[in-house]
Amino acid sequence: MKRINLVFILFPFILFSQQKIEGTIYETNKKNNKIGLPGANLRWLNTSIGAVTDFDGKFTIPYKKEYKKLIISHVGFTTDTLLIEQAQKVSLVLNPANRLDEVVIKNRKKTIAVSYLKSLNIINMSSDELLKTACCNLCESFETNPSIDVNFADALTGTRQIKMLGLTSPYILMGIESIPAIRGAAQAYGLSFIPGTWVESIQITKGAGSVVNGFESIAGQINAKLQKPLSDSKLFINAYGSLDGRLELNTHINNRLSDKWSTGLYLHGNRRDTKFDKNNDTFLDAPLGEQINLMNRWQYVDLKKGFVSFLNFRFLNDEKQMGQLNFNPSKDKLTTNFWGSEIDTRRIEFSGKFSYANPELTYQTIDFQIAYSNHDQDSYFGQNVYDISHDSFYSTAIYSSIIGDSRHNFKTGINYTYDSYNEKTVIKLNELDYSRNENSIGTFFEYNYDDLADFNLTAGFRIDSHNLLGTFVTPRLHMRYTPWEKAALKASVGRGKRSANIFAENQNIFSTSRSINILNNQGKIYGLDPEIAWNFGISFLQGFNLFERKADLTLDFYRTEFKNQIVLDLENPLEANFYNLEGDSYANNVQVEFNYNAFKGFNLRMAYKYFDVKTQYKSGKLEKPLVPKQRMFVNASYETGENNKNNALWKFDLTYNRLGKQRFSSTLSNPIAYQLAEYSPSLATLNTQATKVFSSTFEIYIGGENIMDVKQKNPILGSENPFGANFDTTMVYGPIFGSNYYLGLRYRIN
Amino acid sequence: MKKLIVILVMLMGTVAFSQSKNAKISIDVDGVCEMCKKRIETACIKTKGVKLAVWNVETHKLSLVYNEFKTDVKSIKKNIVAVGHDTEGMKASDEAYNSLHDCCKYRDEKVRNNHKN
């Protein structure tokens with residue numbers, strides 16, 4: 001860009017009449033001399049009062065004290081605005097709008113980026129990153145991210161479960177537009193209910209995170225930002241089909257209604273009605289299912305006054321069927337003819353976000369968020385029944401400003417949450433009701449100091465009063481220090497507390513013959529106590545040049561230490577026991593990550609992770625089942641140079657994942673036929689995708705998941721006798737389906 | 001809910017109150033890059049009474065919010081000039097200018113051209 005050289009000279013202007021302003025508008029000629037610019041338009045902002053410059057570029061325009069901004073425009077020149085504080089002589093050089101010889105060089109931004117400057121360890125995933133896999137839903141979008149592990153929850157539903165720092169998703173606070181959303185009854189399948197195309201970007205915070213969004217986060221926070229009606233394409237269509245029988249369709253329609261209001265309708269449907277049983281265990285390899293997911297977003301923007309708001313309405317209906325091939329729900333439901341399972345979910349959601357930023361003092365903002373959801377799941381697994389209905393209300397008000405100057409920022413506010421659970425289990429014909437209400441009111445204060453050089457700090461605390469968890473304080477501290485150029489040393493410590501939804505979070509135990517027991521019955525939540533943990537983390541990031549190309553290296557260590565945890569003990573293969581932690585439980589995680597832009601368009605991301613996750617069970621201190629000790633991750637992506645005419649290009653992406661051996665919970669007391677080794681074998685998977693971008697409106701992508709066709713041979717223990725004592729679907733360490741190929745297209749009109 | 005509303009109203013009150021002593025102004029400051037941005041903004045913020053300083057690399061405009069009782073534009077400008085950046089009606093001394101990093105020597109046309117892309 002040509003530098004806009006604005007010369008704005010204040011002349012002491014001694015005149016009796018202050019009713020008008022005089023001045024001259026110039027352009028620069030080839031020799032860089034100023035010459036008067038005739039025919040330039042001048043107008044006071046928000047008025048009809050204007051003037052035009054004469055042949056010499058001179059003008060006179062009426063002036064009143066209320067007039068602050070003078071807009072100067074001319075065809076072929078960049079429009080400029082002058083701030084007028086008093087009647088004064090004005091002189092301005094307008095710059096040509098576009099030089100023909102101007103070349104715009106776009107700097108490709110990294111699709112996953114960690115800030116060198118923020119105190120929190122936040123990883124930002126842009127929408128470009130989300131396009132690297134089929135990304136049918138939010139859960140799958142983490143497959144190219146080394147900080148999040150995507151595992152299999154069970155052998156039936158095909159639901160992926162995410163883990164961070166070796167801990168499962170209940171320990172991660174997952175929000176949509178910074179409103180905690182995937183929690184409670186939605187914990188198990190909630191991520192798969194957010195279609196990938198709806199997501200604009202994802203922020204992953206490792207470690208305790210900010211206090212603003214609540215006390216529940218322990219391992220970290222994930223926040224997904226949704227597409228905005230104003231910036232998303234007017235029309236977007238995405239169709240997807242895969243050889244494992246899944247069909248998906250996404251449609252976005254966005255409309256700008258006025259200069260302030262925009263609205264978007266987002267529709268998602270998916271369906272799988274083909275039965276597969278490649279491993280001949282009489283069970284479906286992947287569930288049959290159907291989902292309708294609808295969202296309507298309203299966006300209101302008035303930047304002049306500083307108001308921004310969003311209103312969201314959402315409806316979801318999801319139906320899944322799992323189990324034996326010959327299972328027919330209408331005939332065989334809850335019988336012992338065939339083993340089968342159905343999960344029907346309906347969710348209604350409303351959320352609103354209202355922000356005000358003082359247009360004069362831009363550091364003063366007020367945010368108000370409000371959300372209501374009803375999540376209703378009716379399900380059965382063989383002869384076990386699990387029904388949960390969760391009404392949730394969330395509201396928060398946040399005020400942020402500065403103390404003295406912008407080096408000292410703070411956020412303060414108040415939240416109120418209300419959760420009503422209607423929960424029922426029928427296990428071995430024994431019906432139990434676990435309905436309960438939770439409510440909490442809390443206030444928080446977060447202070448952020450930035451010395452504008454090499455140090456900043458975020459310190460927050462909150463006090464909450466919760467009807468079941470009591471009144472407690474949640475402190476959290478994050479620091480960043482830059483010891484030398486392109487480096488960032490970050491440290492964090494924080495506390496988290498939550499009530500565990502033991503059944504909603506561990507629904508896979510219903511698909512077993514285990515008896516389910518809750519031991520020690522004096523607590524307030526399922527007879528158990530709240531979970532409390534401290535998280536400590538230290539992270540070092542160093543950017544450098546390797547063979548004159550950009551590279552960076554990250555070294556992380558995080559430790560989560562549980563003061564109390566609800567332990568799910570599966571060490572007896574006939575039982576699933578929940579009890580309060582007695583002794584140690586911790587998760588240590590070391591991660592080394594290397595990113596390298598090896599040549600133009602080619603990016604390499606490599607990571608090695610080591611987990612040490614142990615819990616004190618009744619039978620001894622053991623490794624957490626199905627958490628690999630080691631993981632290797634490589635992602636390579638290549639993009640051909642853009643063809644300037646229609647932006648056509650190719651994109652290639654390859655992800656390699658190697659998981660070390662994983663411990664099975666003990667099966668020693670089973671008959672020999674149903675015993676498993678102590679550890680699973682290690683395994684590696686390879687995913688790939690190629691995208692052909694024909695133009696900015698149309699692209700086609702084709703990909704393969706698990707193309708080396710790695711499979712777990714017998715994912716279901718006791719599959720030949722599902723109503724026998726040894727039936728268990730939870731012993732899953734790897735892919736069940738084997739390789740899968742897919743094809744999709746994206747079409748957009750901007 | 002009532003508590004929420006009360007707190008919100010109180011916060012609004014603070015906003016309204018704090019506007020009275022704050023002045024907002026936009027001035028031109030010469031510079032070329034992100035390093036200049038940091039230097040200019042830091043120089044302003046470290047002036048007692050300045051609350052917010054944002055310098056735009058492309059337009060060279062510096063938006064300031066400051067407490068009129070504690071400082072004035074002249075003292076802010078003095079501090080900007082002291083770290084080597086020319087501003088409206090005030091020129092940095094050669095000594096201050098020469099202390100700038102080589103990439104920030106905005107008076108040099110070559111340096112300016114280097115930053116155009």
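Guide: Before we start: helices (H or I, at least four residues) and strands (E, at least two) are DSSP runs, numbered from the N terminus.

Visitor: Okay, and what kind of model is this?

Guide: It's a predicted model, where local features need pLDDT of at least 70, side-chain atom pairs count only at pLDDT 80 or more, and totals for chains, interfaces and linings use all residues. Residues are numbered from 1 along each chain as its sequence is written, while chains are lettered from A and ligands numbered from 1 in the order in which they are written.

Visitor: Where is A:Ser178?

Guide: In chain A, in the loop between β14 (172–176) and β15 (179–180). A:Ser178 isn't a glycine, yet its phi is positive, about 60°.

Visitor: Is B:His60 buried or exposed?

Guide: B:His60 is buried, with 22 other C-beta atoms within 10 Å. Buried means 20 or more other C-beta atoms within 10 Å of its own, exposed means 12 or fewer, and partly exposed is in between, with C-beta atoms placed from the backbone. A:Ser178 is partly exposed, with 19. B:His60 also has a positive phi, of about 65°, and sits in the loop between β2 (50–55) and β3 (61–67) of chain B.

Visitor: New topic: which strands form the open sheet in chain A?

Guide: Four of them, in the order β4-β3-β6-β7, with antiparallel pairing. Two strands pair if DSSP finds at least two bridges between them. The edge strands, β4 (50–52) and β7 (80–83) of chain A, each pair on one side only.

Visitor: How many bridges join β3 and β6 of chain A?

Guide: Four bridges, between residues 41–44 and residues 69–73.
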